[in-house]
Amino acid sequence: MSNRHPPVQDFATDFDHTDAAWVADPYLIWDDLRQRCPVAHSDRYGGAWLPVTHDLVSEVAYDTDHFTSRSVVVSERRPGPEDLPAPIGVSPPISSDPPFHGVVRRMLLPAFTPKPIAALEPFARDLCRELLAATDGRSSFDAALEYAQHIPVRVIVKFLGFPQEDADQFRGIIRLVLEEVDLPPEEREERFAAVDAYMDAQIEDHLARPRDDLTSFLLEAEIGGQKLPVEHVRGTMALLMVAGIDTTWSAIGASLWHLAQHPEDRRRLAAEPDLMGTALEELLRAYAPVTMARLVATDFDFHGHPFKEGDWLLLPFPAANRDPAAFENPGQVQLDRATNRHAAFGLGRHRCLGSNLARMELRVALEEWLARYPDFELSDPAAVTWSAGQVRGPRRLPVTILGRGG
Amino acid sequence: MAQSTFRVHVDPDKCQGHNRCYSVSPDLFELDDLGTSSEVGAGLVPVGLISLARLAVANCPEHAISLTEVQS
C-alpha cells in the first residue's frame, strides 16, 4: 500500500488504483462506477480513463486501432523517445501492436500450449508438496508468503532455465516493477536497470551453453530468417518473469483466501474432484488478479468522452467479470457455474500467453493444498493484506489449520 | 424419419486460444501447434456429448463456438 498519493475523494473523477480504498475492496468501487459513469476519469498519472462494464472492457480489448499496448502498466512515466516504439515496445509481444504483435506471438505460442505445459506439472506438484511439507507440525502459517508466492516464481525460473536459487531475488524485483508504480520515474528506472542486468547475464550464459529451456528457445528463434535482437529477447524474458509470477501468486492466494472463509466450498471441492474444472474457472472469474492498460493512440470520442492521444486507460478485466449484465449473481462464487465466459486472461489478440501455465499451477496448488489441509480458516481476517496496482492478490494470508488430510 | 443432430464449429478468426473448449471436451475439439482450436472432424456431435458441446459454447470468452442443429 502506498501513501505517496493523496486519498481519493471521488473515484468517478479522481480514481487511483493504488488508493487504500481500492486496495481494500475494488469491487464496491466498480459496482458504484458501473451505475454512475461507466467510464471514470482521473487527472492522476498525467490523465487516465477507466471503463468498468464488460461491454466497454471488451470493446477496448478488441480495438487495436484507437488503443496501443505500447505500455501496459500505468505509472507516472509514459514511454518516451528512448524506449522501443510501437509496434515492438519494451516487452514484446505484450507491448506490441499489430501486425508485429502477431508475428512475435506466433513464435511464442507453441511453448505455451497444453502439451509442453503438462511437462512442467510434475515439477510443480513436487514443489507444492515440498512447500507444504515445510509447514508440517505448525498450526498456523502465512499461506501467501510460505506457499503461494513460491510456486509461480520457481516454475517460471525452471521454464526459463535460470538457477532455482535466484528465485528469491526475482520476487523482490517484480514487486517493485508492478506494485511501486507511484515511485518517482528515476527510481523506477533503477529497478528496471537491475532486471536488465540480470537478464543480460543469463543471455550470455545461455549463448555460451545453449540448453533445452525457454531462454535458449528465444535465442534460437528467428523472425524472417533473422535472430531476434538482444533487447527483444531481454524484453520478452522480463515479460515472462513479470507477467508469470505476481499474477499466479495472486490467483492461488485469492483462491485460498476464499476457501479459508467458505467451509462448504472447501468440503465440496475436496469431496468432488471432478468439480475442479468449473471451480478453477469460477475462482479465476471472481478473483481475476490482472487489470491491463492501454494508451490512447489517437484523439477520438469514446462514448461521449474526449479521449486524447497519450491518455492512459486502465482495462479492468476483474471489473468485467463482476458485471451483472454479463454474469448472473457476479458477486457470488458458484463452483459449478456452467456458463462462465470470464475474461480473467483478457480478450482478443492479447489473450494471456501463459493462461495454460497459470491454470496448471493454480489447479496443482489447490489440489495439493486440499489433499494435505482440507480444513483451514483465516487466523485473523484483519491481518490479510492485498497488493496495490494492476495485479490484485493477498500478500499476507495467515491461516490456521483445522484438520489434516492423509 | 430424418433424425436431427448437432454440429459444432469454431470460428478460426475469433478463436484466441483460451483452450476452454479443449479442456471441456478433447473429444470434440483439437488444438494446432499454436493452441488454436477447431472442431474434431466434421464437428458432428455424438448424442452423449451434446451437453459438453453446449458447455463449450457457454464458456468461450470470444464467442467463437457455434452449435447448430442439422438433419442427418
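Q: Which side chain meets that of A:Glu121 in a salt bridge?
A: This is a predicted model. In it, the N-to-O distance of the salt bridge is 2.9 Å. The partner of A:Glu121 is A:Arg125.

Q: Why are A:Glu121 and A:Arg125 separated by about one helical turn, and in which helix?
A: An α-helix has 3.6 residues a turn, so residues three or four places apart point the same way. A:Glu121 and A:Arg125 are four residues apart, and therefore about one helical turn separates them. Their helix, residues 121-133 of chain A, is α7.

Q: How many residues apart are A:Asp200 and A:Arg234, whose side chains meet in a salt bridge?
A: The N-to-O distance in this salt bridge is 3.2 Å. A:Asp200 sits in helix α11 (residues 185-208) of chain A, and A:Arg234 in helix α13 of chain A. The pair links distant parts of the chain, with a separation of 34 residues.

Q: Which residues do salt bridges that share partners join into one network?
A: The A:Glu121 and A:Arg125 salt bridge was described above. Shared partners join that pair with others into one network. The members are A:Glu121, A:Arg125, A:Arg129, A:Arg363, A:Glu367 and A:Glu368.

Q: How many salt bridges does the structure hold over all chains?
A: Side chains of opposite charge can pair when their charged atoms come close. Over all chains, the number of salt bridges is 26.

Q: How far apart in sequence are the parts that A:Asp14 and A:Arg44 tie together?
A: These two form a salt bridge, with the closest N and O atoms 2.8 Å apart. A:Asp14 lies in helix α1 of chain A, and A:Arg44 in the loop between β1 and β2 of chain A. So the pair ties together parts whose separation in sequence is 30 residues.

Q: Is A:Arg44 buried or exposed?
A: The cut-off for buried is under 20%. A:Arg44 has a relative accessible area of 12%, so this residue is buried.

Q: Within what arc do the buried residues of α3(A) fall?
A: In helix α3 (residues 26-36) of chain A, the buried residues are A:Pro26, A:Tyr27, A:Ile29, A:Trp30, A:Leu33 and A:Arg34. They line one face of the helix, because seen down its axis they fall within an arc of 160°.

Q: Which exposed residues does the face of α3(A) turned away from its buried side carry?
A: The buried residues of α3(A) pack against elements of chain A including α1 (11-14), α2 (20-24) and α15 (276-286). The face turned away from that buried side carries A:Leu28 and A:Gln35.

Q: Which residue caps the N-terminal end of α3(A)?
A: A side-chain oxygen of the capping residue lies 3.0 Å from the backbone nitrogen of A:Tyr27. The cap is A:Asp25.

Q: Within what arc do the buried residues of α14(A) fall?
A: Helix α14 (residues 263-271) of chain A has the buried residues A:Asp265, A:Arg266 and A:Leu269. They line one face, because seen down the axis they fall within an arc of 100°.

Q: Which residues are exposed on the other side of α14(A)?
A: What covers the buried residues of α14(A) includes α13 (230-261), α15 and α17 of chain A. On the other side, the exposed residues are A:Arg267 and A:Ala271.

Q: What is the relative accessible area of A:Asn340?
A: A:Asn340 is found in the loop between α16 (317-320) and α17 (355-372) of chain A. Its contacts include A:Phe327, B:Arg20 and B:Asn59. A:Asn340 is buried, because its relative accessible area is 1%.

Q: Which residues of chain B lose the most area to chain A?
A: The area buried between the two chains is about 1,600 Å². Together, three residues give 34% of what the chain B side buries. They are B:His18, B:Arg20 and B:Leu34.

How values were computed: Residues numbered from 1 in each chain as written. Chains lettered and ligands numbered in written order. Predicted model: local features only at pLDDT ≥ 70, side-chain atom pairs only at ≥ 80, totals over all residues. Heavy atoms only, no water. Helix = DSSP H or I, 4+ residues; strand = E, 2+ residues; numbered from the N terminus. Buried < 20%, exposed > 50% of the residue type's maximum accessible area, 1.4 Å probe, protein only. Contact = heavy atoms within 4.5 Å. Arc of directions from axis to C-beta. Polar contact = N/O pair within 3.5 Å; in protein donor to acceptor, adjacent residues only side chain to side chain. Salt bridge = Lys/Arg side-chain N within 4 Å of Asp/Glu carboxyl O. Buried area = accessible area lost by both parts, 1.4 Å probe.
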